[in-house]
Amino acid sequence: MSDCFIGLMSGTSTDGVDAALLEFTSVARLLSTHFLPYPQTVRKGLLDFAGGKYAGDAIDQLGALDNALGELFAEAALAVLAKTRLSRTDIGAIGSHGQTVRHRPAGQYPFTLQIADPNVIAARTGIATVADFRRRDVALGGQGAPLVPAFHNAMFADHKEARVVVNIGGIANVTLLPTERGRVSGFDTGPGNLLMDAWSRAYLQQSHDENGAFAASGTVNAALLQALLADEYFQRRPPKSTGREHFGEVWLAEKLRGRNLAPADVMATLCELTAYSIANAIASHAPHAARVLLCGGGAHNAHLLKRLAADLPQRIITTTEDFGIHPDWVEAAAFAWLARETLAGRPGNLPAVTGARRPAVLGAIYSA
Ligand SMILES: Nc1ncnc2c1ncn2[C@@H]1O[C@H](COP(=O)(O)OP(=O)(O)O)[C@@H](O)[C@H]1O
Ligand SMILES: [Mg+2]
């Protein structure tokens, strides 16, 4: 089997498709990368969908988005391949996370749903595609998330130094990597960028607060921060995972009701919420971790990094780049790796992380 795999990822930020092509030998090597931003119409469709705003029939909308995203994911895969000298027959498989449109792992009928039709991806690229990674874990009583910790463990663990990997996407998640044979754990800490992005769309007419400049211009409002942190999710014990369903615009609007705050102060407070909730999760679950490795788009937010460093004294804070993978591509790389595990018949979930009853081979294989 080929050692080269393509990973395709789009997270809760709904910014676009990250594509990463890796070669897995004794080490993992990132051969090429490509980011395909979502066209405005697709992004708006997804955000409307998340907010329960359907232009007509919801099933029609879902079907159309599934197809449109399948085409975009295929385009991203072909683009990342075209940046190399490889051809499609050199690729073992594509691992496609797809786009989450609902994540409800608790309740009487737990489910999580990722779209971007893998049939379209396999047909357009001529490459076997592994997709639908999360639902087997949910079927086994797990959260179906996060799934990146097994990859973080394979890539970034050190037997002498306890580490934490922090992925700051729309939602933020941590992977706690102990030394020696300690048990790897991990969970979603809460909002990463998605509330800051929502506030940015509302007040700056921009997709995000570039480098956290707007947040840096404001002052944290202690009463609002306390109200945000009072959400029971932050106190809940892992395994836990969350999404836009919980920490969305409705949640934020409710917390802001009756408060008359300067927009910059709200942004500063949302940024602090992300920093503090991550730092607090690390302090309570990995008190001895010496090093924190950041990845995800939030690693570009200079103000957020400054606040994280302040909330996490006495730890070395770096990015995953120091350990071989640039922070923008860790999640896509994880799905390339997970596809490889699936083809090899190895489990990809960590029950200690997701809460599933047992490890399982994840996803379904759509042949070339
Ligand atoms: N220069 C930057 N300054 C501030 N935030 C940034 C910057 N670059 C990226 N981001 C944030 O990162 C997000 C994308 O991160 P990503 O890891 O792709 O998240 P997801 O996995 O949820 O798609 C953007 O929505 C934005 O909030
Ligand atoms: Mg993204």
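Reader: Before we start, what should I keep in mind about the numbering and the model?

Author: Residues are numbered from 1 along each chain as its sequence is written, and side-chain values use heavy atoms, with hydrogens and water left out. This is a predicted model, so local features need pLDDT of at least 70 and side-chain atom pairs count only at pLDDT 80 or more, while totals for chains, interfaces and linings use all residues.

Reader: OK, which domains does the chain have?

Author: The domain assignment, which is automatic or from a database, gives domain 1 (4-144 + 331-366) and domain 2 (149-323). Their centres, taken over C-alpha atoms, are separated by 23 Å.

Reader: And how much area do domain 1 and domain 2 bury between them?

Author: They bury about 1,900 Å², 61% of it on carbon and sulfur atoms; buried area here is the accessible area (1.4 Å probe) that two parts lose on being put together, summed over both. On the side of domain 1, Thr12, Trp337 and Val353 lose the most area to domain 2, together 29% of what that side buries.

Reader: How many salt bridges cross that interface of domain 1 and domain 2?

Author: The rule finds zero across it, where a salt bridge is a side-chain nitrogen of Lys or Arg within 4 Å of a carboxyl oxygen of Asp or Glu. A search of the whole structure, in turn, finds 13 salt bridges.

Reader: Switching to helix 12, which residues are buried there?

Author: In helix 12 (residues 302-311), His303, Leu304 and Leu308 are buried, meaning under 20% relative accessible area, with exposed being over 50% and partly exposed in between (1.4 Å probe, protein chains only). Helices (H or I, at least four residues) and strands (E, at least two) are DSSP runs, numbered from the N terminus.

Reader: Which salt bridge do Arg307 and Asp311 make, and where do they lie?

Author: The side chains of Arg307 and Asp311 meet in a salt bridge (3.6 Å, N to O), and both residues lie in helix 12, four residues apart, about one turn of the helix. Arg307 is partly exposed, with a relative accessible area of 26%, and Asp311 is also partly exposed, at 22%.

Conventions:
Chains lettered and ligands numbered in written order.
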